[in-house]
Amino acid sequence: MGLTLTEKILRAHLVDGEYVKGQEIGIRIDQTLTQDATGTMAYLEFEAIGVPRVKTERSVAYIDHNTLQNGFENADDHRFIGSVAKKHGIYFSRPGNGICHQVHLERFGIPGKTLIGSDSHTPTGGGIGMIAIGAGGLDVAVAMGGGAYYITCPKVVKVELTGKLRPWVAAKDVILEVLRRMSVKGGVGKVIEYCGDGVKTLSVPERATITNMGAELGATTSIFPSDEITKQFLKAQKREEVWTPLAADLDAIYDEELKIDLSQLVPLAACPHSPDNVKSVEEIGRLKIDQVCIGSCTNSSLLDMLKVAHILKGKTVNPDVSLAIAPGSKQVLNMLAQNGALSILIDAGARILESACGPCIGMGQSPNSKGISLRTFNRNFEGRSGTKDGQIYLVSPEMAAVSALTGYLTDPRELGDMPDFKLPEEFVINDNMVVPPASVEEMDSIEILRGPNIKPYPETSPLLETIDAPVSLKVGDNITTDHIMPAGAKILPLRSNIPKISQHCFAVCDESFPERAKSLGKSIIVGGSNYGQGSSREHAALAPLYLGVKAVLVKSFARIHRANLINAGILPLTFVNEADYDNIAQGDELVLADVRKAVEEGNTELTVLNKTNGKSIPVLCELSGRTKDIMLAGGLLDFTRESMK
């Protein structure tokens with residue numbers, strides 16, 4: 001029996017456990033990446049582990065999120081990350097060099113390698129045949145120290161692509177179609193593997209757009225084969241020597257299959273406030289817009305920008321529309337400047353932003369109140385743009401550009417014939433904004449630069465014998481990490497200061513939560529299905545930890561957030577019967593008696609007693625041997641330090 005591409009790479013990197021679907025496995029990690037919104041905490045954790053130098057083949061620290069410096073905090077974090085990187089063997093991508101996923105694809109990604117990053121869109125690397133997975137910062141710190149990364153051995157979904165995209169239908173429409181069919185929780189516990197003759201019609205940047213937004217499926221990752229198109233991309237980046245041909249066996253067996261005829265797709269948009277709320281441009285109809293933002297790690301490649309420049313050439317942005325464009329990397333921006341495309345964008349009235357995440361995480365360019373914004377980004381969660389009542393639609397660069405001209409949501413197929421857009425045979429290579437680490441001989445002389453906003457990891461403690469605590473908050477389905485720990489220009493600079501950032505925890509849902517939780521001393525959160533979807537930000541677990549949350553009881557979890565809760569020593573519980581969600585109210589007193597003993601003995605079914613109404617509620621506490629030990633120790637940091645003694 002043949003193997004899928006996913007199985008081939010995971011089996012080659014297996015260091016712990018058996019490759020059995022649904023069981024936990026540990027894999028060797030070749031590469032890591034961090035970005036500055038998560039990186040400061042990740043490197044504080046790496047320091048706490050006590051390993052002097054990273055043990056991966058390549059680790060890179062990127063500055064791309066907190067680039068708006070309206071206070072000392074972000075600049076201090078950047079200095080700290082740069083000094084840690086130099087001292088501990090990590091490459092440092094300076095501010096302005098670009099978005100981590102775009103730059104990593106261009107300069108560091110290698111087919112067949114494993115990559116984890118403290119950013120949920122790390123699966124972008126699947127566009128060149130990597131197993132690239134988003135993870136919490138502590139997981140990345142452990143991997144940098146030489147530890148394995150643990151995941152549930154995934155199911156593999158085959159997405160067979162046939163045909164070829166019609167003119168002005170884009171790769172963005174492919175992943176929106178997958179989201180429309182599978183939903184934001186349809187990929188949980190799965191890897192999405194793209195196959196079929198249609199793959200050959202897609203460039204590496206187009207493939208990367210698709211794998212990038214696979215994160216919105218809740219998938220472990222997504223992956224394309226490494227073929228001649230991959231080779232040509234790497235050759236153009238002057239990295240042909242790292243290319244390896246990789247593909248699934250012809251007789252590979254998949255757990256699920258999905259077929260998409262590329263020639264039948266039409267321009268699509270994800271409507272507010274979920275990436276799977278997908279409709280065709282015809283279904284949405286004539287929609288007056290206020291803003292267009294083009295860029296992010298999803299659609300900021302040179303290919304995307306050349307298409308936008310072609311559409312805008314010789315025209316002017318509608319006077320009722322603000323158009324902002326952020327090229328994904330210094331390489332992209334420089335090549336646009338050299339070939340004249342940048343001048344076209346500026347001449348049309350676009351506002352050119354630096355090569356960074358920017359508006360995608362609410363870091364500037366928030367739309368007007370109730371404003372309708374078309375964005376080529378990957379998420380449109382409520383409030384994520386920085387405007388609470390902003391109406392965010394996710395679209396392709398092609399649709400975004402033509403709509404910026406008309407002032408209305410516009411079908412790009414109205415543009416008529418489409419030129420044959422091709423990537424250059426050679427990219428402009430200049431890695432002068434990547435600082436290599438110090439040598440082993442020099443590392444001891446490097447001083448770590450810490451600003452006053454950088455605070456230590458929150459205090460942890462072993463799992464309690466019994467958890468007896470009130471419900472400090474009850475929330476519904478599809479609670480995102482943006483609900484739990486919002487982003488934006490005001491909050492992101494506090495990422496290295498858990499006491500301060502915790503004051504904003506769940507502010508989108510209930511502004512009184514932080515004060516209430518802190519005053520209770522210890523508490524439990526209750527939620528619905530797909531709790532914690534979205535970002536890999538471990539702050540969505542660390543802030544509740546600091547506020548005294550001991551357990552989270554929900555209908556179901558998103559993968560990364562559940563792992564982050566365990567890493568933080570917060571007990572993740574799910575209802576045996578989802579209807580029991582209605583038997584708990586905010587403020588109720590809940591008791592998990594003898595919970596430590598139950599976890600030690602490996603019991604998976606526990607009972608929660610609601611002291612307020614007298615009801616007994618069965619819940620699941622599904623912890624493996626390793627995650628059980630992590631929970632008993634009080635979190636991954638304590639577990640790792642103990643295991644290294």
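Student: Which residues of the largest nonpolar core touch the most other members, and what makes such a set a nonpolar core?

Tutor: Of its 99 residues, Ile-467, Phe-506, Phe-513, Tyr-531, Val-552, Leu-571 and Leu-573 touch the most other members. The term applies because a nonpolar core is a set of buried Ala, Val, Leu, Ile, Met, Phe, Trp, Tyr and Cys residues joined through side-chain atoms within 4.5 Å. Helix H5 supplies the largest share, six residues. Apart from this core lies another, of 59 residues, including Val-204 and Ile-311. This is a predicted model, in which local features need pLDDT of at least 70 and side-chain atom pairs count only at pLDDT 80 or more, while totals for chains, interfaces and linings use all residues. Residues are numbered from 1 along each chain as its sequence is written, and side-chain values use heavy atoms, with hydrogens and water left out.

Student: How do you know whether Asn-212 is buried or exposed?

Tutor: Its relative accessible area is 0%. Buried means under 20%, exposed over 50%, and partly exposed in between (1.4 Å probe, protein chains only); Asn-212 is therefore buried. Asn-212 belongs to helix H7, residues 204-212; a helix is a DSSP run of H or I with at least four residues, and a strand is a run of E with at least two, each numbered from the N terminus.

Student: What makes the pairing of Asn-212 with Cys-297 a polar contact?

Tutor: A polar atom of the Asn-212 side chain lies 3.4 Å from the backbone oxygen of Cys-297. A polar contact is a pair of N or O atoms within 3.5 Å; within protein, one must be able to donate a hydrogen and the other to accept it, and residues adjacent in sequence count only if both atoms are side-chain atoms. The distance of 3.4 Å therefore falls within the limit.

Student: How do you know that S4 and S5 pair, and in which sense?

Tutor: Strand S4 (residues 58-62) and strand S5 (residues 91-93) share three bridges in the parallel sense.

Student: Why are S7 and S20 at the edges of their sheet?

Tutor: The open, mixed sheet has six strands in the order S7-S6-S3-S4-S5-S20. S7 (131-134) and S20 (434-435) each have a single partner strand, so one side of each is left without a neighbour in the sheet.

Definitions and conventions:
Pairing = 2+ DSSP bridges.
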